[in-house]
Amino acid sequence: MLNPQFWWYLARASGIVAWVLLTASTLLGILLSTRLLKPFDRPAWLLDLHRWLSTLTIFSVGLHLAALVADSYVHFGVADLLVPLASDWRPLAVAWGVVAMYLLVVVQASSLLMKKLPKKLWRGIHFASYAIFVSVSIHSLTAGTDKGVAFFQALAVVLVTLMVAFTAVRLVYTGKPRTRQVLPAPQRD
């Protein structure tokens, strides 16, 4: 027989996993844009990993939503999970997650349409990744029931610290050339 709390545990776990995957994908995106690991990185491999983690994030969010609907403790309906502030349970905290989900879908869709979108538009949409991280972090820390658990608190500190550090690196590397300077050819007389 299925544990009656299975869906609640799955909702909590999948939400935390989605937060970790989102963070990892965003950090890889920062590494790709700054080329901080050059000459050691392999951009094609990093890009594939970035895309794979982003896709896993979408699936984890889907699992999180499905588990919340299946759980009988809070009684989330589809509208509660798709309409900001519609939930009776911690409406503002849940709204942060709903907004993050929509932003995540937009960023992911822009990635699929990357070759068809102007580069400036694609980059502008991708900057929403920072807003997604902030929204998910607020959602996790206010809607989640694990905020008093030491492991969760430590994980939150690690994820936020990594994002702040990598964002600082991204700001430092903004406008820097991403390729090596080409030396002019010697002049022939």
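Which residues in helix 4 meet which residues in helix 6? A93, V94, W96, G97, A100, L103, L104 and V107 in helix 4 meet A128, S129, A131, I132, S135, V136, I138, H139, T142 and A143 in helix 6, where contact means heavy atoms within 4.5 Å. The model is predicted, with local features needing pLDDT of at least 70 and side-chain atom pairs counting only at pLDDT 80 or more, while totals for chains, interfaces and linings use all residues. Residues are numbered from 1 along each chain as its sequence is written, and side-chain values use heavy atoms, leaving out hydrogens and water.

**The overall picture**

- The protein has seven helices and zero strands; helices (H or I, at least four residues) and strands (E, at least two) are DSSP runs, numbered from the N terminus.
- Reading along the sequence gives the pattern α-α-α-α-α-α-α.
- The C-alpha trace spans about 85 × 35 × 30 Å along its principal axes.

**Helix 4 with helix 6**

- Two packed helices are described by the angle between their axes and the distance between the axes.
- For helix 4 (residues 91–112) and helix 6 (residues 128–143), the axes come within 8 Å and cross at roughly 150°; axes are lines fitted to C-alpha atoms, for helices over the stretch in contact, and angles run from 0 to 180 degrees between N-to-C directions.
- Helix 4 and helix 6 are therefore roughly antiparallel to each other (angles under 35 degrees count as roughly parallel, over 145 as roughly antiparallel, 65 to 115 as roughly perpendicular and the rest as oblique).
- Helix 4 passes helix 6 in a left-handed crossing, meaning that the near helix is turned anticlockwise from the far one by less than a right angle (clockwise would be right-handed).
- The contact of helix 4 with helix 6 has 13 nonpolar, five polar and no charged residues; Ala, Val, Leu, Ile, Met, Phe, Trp, Tyr, Cys and Pro count as nonpolar, Asp, Glu, Lys and Arg as charged, and the others, Gly among them, as polar.

**Helix 7 and its partners**

- Helix 1 and helix 7 (residues 150–172) pack at an angle of about 15°, with their axes 10 Å apart, and they are therefore roughly parallel to each other.
- Helix 1 passes helix 7 in a left-handed crossing.
- Residues of helix 1 including I16, W19 and V20 meet residues of helix 7 including F152, L155 and A156; by class, this contact divides into 13 nonpolar, five polar and one charged.
- The axes of helix 6 and helix 7 come within 12 Å and cross at roughly 165°, which makes helix 6 roughly antiparallel to helix 7.
- The crossing of helix 6 and helix 7 is left-handed.
- Y130, F133, S137, S140 and L141 in helix 6 meet F152, A156, L159, V160, M163, T167 and R170 in helix 7, a contact of eight nonpolar, three polar and one charged residues.

**The largest pocket**

- About 880 Å³ of space lies in the largest pocket. On a 1 Å grid over the protein atoms alone, a pocket is an open set of points with protein on both sides within 12 Å along at least five of seven lines, whereas a cavity is a set where a 1.4 Å probe fits but cannot get out; lining residues have an atom within 4 Å of a point. Grid points are joined across faces, edges and corners, and a volume is the space filled by probe spheres set on the points.
- Of the 32 residues lining the largest pocket, G29, L32, H50, W122 and H126 are the closest to its centre.
- The lining of the largest pocket divides into 14 nonpolar, twelve polar and six charged residues.

**The largest cavity**

- The structure holds one cavity of 30 Å³ or more, and the largest cavity has a volume of about 530 Å³.
- The largest cavity is lined by 32 residues, with G15, H64, L68, H139 and S140 nearest its centre.
- Helix 1 gives the largest share of the lining of the largest cavity, eight residues.
- By class, the lining of the largest cavity has 21 nonpolar, eight polar and three charged residues.
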